[in-house]
Amino acid sequence: MDHARRSQRRVAGLSRRDLIRIGAGLGAAIVTSPALAQAKAVFKASDVQPPGYPTVVATENLGKKLAAATNGRLSVQMFPSMQLGGEKETIEQTQIGAIQMLRVSAGSIGPIVDDINVVNMPFLFKNMAHAERMMDGPIGQELLDKITASPNAGLVALCWMNSGARSLYNTKHAIKTIADIKGLKFRVIGNPIFIDMMNALGGNGVAMGYDQVFSALQTGVIDGAENNPPSYVFSNHYTAAKHFSLTEHLIVPELLVFSKRAWSALSADDQALIRKLAREAQMEERGLWNTYEQQAMDKVKAAGCEIIEIADKTPFQNAVKPVWDKYGPKYQEMIGRIQSA
């Protein structure tokens, strides 16, 4: 009898208790054999944001529901606050199966799955309600499916999550008009669209990992960054950059993805359960987000930061026309569908 047959016979002879014990010892990241697909597994989940952040809480609650539904056979262990690395590092770890579940910005997925860059276009969405209609409808599912189908991504896209509108903040002066941006160095997510966008607005786009932003603001490596109010506040960026201008130039959704390598080891029933719970997490995170965003703005005001309302965004929208001219044509059909949603 050859080695493969002996191995199959040994696995077939194991009790369910033995399989669970083996699965727990190996960890979810390397449970790839169908024979072990029903073994106990603890999925590592990563988020760059801190405990209590809406995406972190929603993912933790997904894990609790998963553990309850499987009697503890499947569960999630959350690693918030960039414990496992920044977005670039954790995407790579998820692709190889070292991390199983990851919350990541669509801005960071765009360079991997080009079709997703459509939601990274500046001023694409009219408001958050418009973005939510996209996420909840057939277009949102179609874009999730494109990530899952991508042979290069190595990811299964489970759901969208809200992350509000992104605005500019800086250490130098108030930005009230587009002329005030000129010459300032702004950190952006490492995506060519965002670099070109910032340059078109008159600033200098600097690609940088989220984990480096706070120290870069403190030391003057960058003059500012752009993000939503909770990220501005709860990553302490507001303590270094006191001028917060509500340009709302981007509404970039978040994504919850699963390692395709680990996903393939799950049964169809387990996959369906995780997808169901992810959809619930999408809606739960939205409610958490709205509360958290208001708390962030209250904290900004209490800290004495300058909040600048931009009454007329037209000059900002006109300035990014070169970005639309460069990237828009390839996404023209999908852009039309999103704008009419």
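Let me begin with a definition: two strands are taken to pair if DSSP finds at least two bridges between them, where strands (E, at least two residues) and helices (H or I, at least four) are DSSP runs numbered from the N terminus. What we have here is a predicted model, in which local features need pLDDT of at least 70 and side-chain atom pairs count only at pLDDT 80 or more, while totals for chains, interfaces and linings use all residues. Residues are numbered from 1 along each chain as its sequence is written, and side-chain values use heavy atoms, with hydrogens and water left out.

With that in place, strand S6 (residues 185-188) and strand S8 (residues 224-227) pair in the parallel sense over two bridges, and Arg 187 has Ala 225 of S8 as its bridge partner. Both strands belong to an open sheet of six, ordered S7-S6-S8-S5-S9-S11 with mixed pairing. At its edges are S7 (204-207) and S11 (306-309), each pairing on one side only.

Helix H8 (residues 192-200) packs on this sheet, touching S5 (166-170), S6, S7, S8 and S9 (243-250), contact meaning heavy atoms within 4.5 Å.

Methods:
Axes are lines fitted to C-alpha atoms, for helices over the stretch in contact, and angles run from 0 to 180 degrees between N-to-C directions.
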